[in-house]
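Please open the model in your viewer and keep the selection tool at hand.

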Amino acid sequence: MRQTETDDKIQEKQVILIVDDSEMNRAILTDMLQEDYRTLEAENGVQAVELIRKYSDAIDLVLLDITMPEMDGFEVLAIMNKYHLIDNIPVIMISAERASSYMERAYELGVTDYISRPFDALIVRRRVENTLMLYAKQKRLVGLVADQVYEKERNNSMMVNILSHIVEFRNGESGLHVLHINTMTEILLQHLVEKTDRYPLTQEDIIRISTASALHDIGKISIPDEIINKPGRLTKEEFEIMKTHSAVGASMLSAITAYQNEPFVKTAYEICRWHHERYDGKGYPDGLKGDEIPISAQIVSLADVYDALTSERCYKKAFSHETAINMIMNGECGAFNPLLLDCLLEVAGDIQRELAVNSPEREFQVHETVEQILKHKKLHGYGYSINQMRIEQAKKEFFFEHERTLVFDYSELTNVILFSNWGRRLLGLKKNQLDLRKESALLQDQDTLEMVRAELAKTTPENPSIDIKIKIHAFGELKEHRLVARTLWSDGEEALRVGVIGRAEEVFRLDERR
């Protein structure tokens, strides 16, 4: 196993891992690529997997032989698939094997390309370059989408957590309880999918379950104050009333008829109704046993018990982390899935470290927000909204700076239009953002602007797009452009146009392109 550069310099150029049991083949490929790339070498699959795990964030491409000692190329691909490494690291197969069965299997396992020996330097360099360019564009697009999805998910999660904290505040429980359950649920689920294929959960499932866990005790809002905040042991009758909260919470979610087919609501229902079921069938409200209990409810149940043990409540002092783990493992807190108990033991240290990050200051902030809601104080969302707009603007400006066409994003609500950096320079503007209520005169092509507005006025939610030819002053010269734009509409029975996104590209005549 040889590395052509030291660890601290590995990020200076794109890194290619060459995996081949032939030292000569590795040397040939290194010689072909070393001018433009940094290379790592492995002489078998075992060394390759070790390097991929060690440098997964730094390796940009793998050139992988099929036939090798100890672990062949197909086994390496299987491991990369199992741990989703191939999602981020492209692989080109290099082999003298030309049988279609080999090539078909390689493509099924996720390889991007296939290069046959003997190597042709031009072909190797071109295919490496094309693959790296393809993945770079893919990562850029994924990053754009991921940022947008993350922002929406963050806002959704924030709302769910505020609502669930209202319940916790009324219970007199720690404002961090919901956050602890969320954190523990995610840690346990991530470890579970790494440990076994028994529960085929995707990352989307893990995020959904973790977020929905915040609603596990919403039914407690129906429990009388004298019971929910009683400092001593509940009577049998009081406990029976307390037990109704799981079914009540599920009923509350069932009553939201508009969203019954949404995966999030279904998951939240499972957690609300069944997070007090027990693996031996002695839980409530339905006495489910084993894997009759959805894995989402099993995980949240375990997290809920741990946090209840380690948190101070009106009826008990907090136990230490070690005591809580021992009580759960000894069966003092009910019966749990043995596989989940193994997971709990294996990630106990991670859980303790993660939960320790949640400071008293964060608890105070949560309580302050909930108090304002409960006391009907007016919450000033204006400042938050403006801040979010600024964040969105900053992100758009960042991503627009690499776009080599005139791209724009217009908001009907604010009359503000945002141009890409290229568009700003093309139109001769001094800034990317214009308030058309005050600054429309800065655009030279007023007649064109009115024509575009007239075309946009014809759009509907069912037919939101336009594709027209326009003339605009580009870098001081009047030139013909093709404008493609799409109107954005609000949801609801009476849809309103809320914005427009689009791009304009110069129209070239054939003789201008020759």
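Begin by selecting strand E11, residues 477-489, together with E10: ten bridges join E10 to E11, and the two run antiparallel. Within this pairing, isoleucine 468 has leucine 483 of E11 as its bridge partner. Helices (H or I, at least four residues) and strands (E, at least two) are DSSP runs numbered from the N terminus, and two strands pair if DSSP finds at least two bridges between them.

This is a predicted model, in which local features need pLDDT of at least 70 and side-chain atom pairs count only at pLDDT 80 or more, while totals for chains, interfaces and linings use all residues. Residues are numbered from 1 along each chain as its sequence is written, and side-chain values use heavy atoms, with hydrogens and water left out.

Now widen the selection to the open sheet of six strands, whose order is E9-E8-E7-E12-E11-E10 with antiparallel pairing. Its edge strands, each pairing on one side only, are E9 (433-435) and E10 (465-474). On average, neighbouring strands of this sheet are turned by 25° against each other, direction ignored; axes here are lines fitted to C-alpha atoms, for helices over the stretch in contact, and angles run from 0 to 180 degrees between N-to-C directions.

Next select strand E7, residues 406-411, which is largely enclosed by the rest of the structure because five of its six residues are buried (under 20% relative accessible area, with a 1.4 Å probe and protein chains only). Six bridges join E7 to E12 in an antiparallel run, and serine 411 stands opposite glycine 499 in E12. Four bridges join E7 to strand E8 (residues 416-419), again antiparallel, and the bridge partner of aspartate 409 in E8 is leucine 418.

Finally, select helix H10 (residues 263-274) and helix H11 (residues 295-310), whose axes come within 8 Å and cross at roughly 50°. That angle makes H10 oblique to H11, a class left for angles that are not under 35 degrees (roughly parallel), over 145 (roughly antiparallel) or 65 to 115 (roughly perpendicular). Show the side chains of the contact: Thr267, Glu270, Ile271 and Trp274 of H10 meet Ser296, Ala297 and Val300 of H11.

Conventions
Buried means under 20% relative accessible area, exposed over 50%, partly exposed in between (1.4 Å probe, protein chains only). Contact means heavy atoms within 4.5 Å.
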